[in-house]
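Have a look at the sequence and the 3D view before reading on.

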Amino acid sequence: SDGRVRDLLERPLLEGDYRLEFDVAHEDGSFFTRIAIDVRIDDVGRSYHVPLLLAPYSMTTYRGS
């Protein structure tokens, strides 16, 4: 409900490269239909915060705290 995923893989997180894909297509004819963010996980002992901010004609993401 708050946009957070507590258990993304339903298995232990391993070091490596991952792709987060978001299906953001809406019936209102939005510009973006899918957004993919590639991330590298080096430390499986910490949690990761990858915010995705979406507006009608722009998007931004960053490595959160």
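The report below goes from the overall build to a group of aromatic rings.

## About the model

This is a predicted model, in which local features need pLDDT of at least 70, side-chain atom pairs count only at pLDDT 80 or more, and totals for chains, interfaces and linings use all residues. Residues are numbered from 1 along each chain as its sequence is written, and side-chain values use heavy atoms, leaving out hydrogens and water.

## Overall build

You will find four strands and zero helices in the protein, in the order β-β-β-β from the N terminus. Helices (H or I, at least four residues) and strands (E, at least two) are DSSP runs, numbered from the N terminus.

The C-alpha atoms fill a box of roughly 40 × 20 × 20 Å along the principal axes. Of the 65 residues, 14% are buried; buried means under 20% relative accessible area, exposed over 50%, and partly exposed in between (1.4 Å probe, protein chains only).

## A cluster of rings

Phe 31, Phe 32 and Tyr 57 are linked into a cluster by ring pairs. Rings of Phe, Tyr and Trp (its six-membered ring) pair if their centres lie within 6.5 Å; planes under 30 degrees apart count as stacked, over 60 as edge-to-face and the rest as tilted.

The structure holds two aromatic pairs. Phe 31 and Phe 32 are edge-to-face, with 5.2 Å centre to centre and 80 degrees between the planes. The Phe 31 and Tyr 57 pair is tilted, because the planes are at 50 degrees, with the ring centres 6.1 Å apart. Phe 31 lies in the loop between strand E1 (16-23) and strand E2 (34-41), and Tyr 57 in the loop between strand E3 (52-55) and strand E4 (58-61), so this pair ties together parts 26 residues apart in sequence. Phe 31 is exposed at 57% relative accessibility, and Tyr 57 is exposed at 67% relative accessible area.
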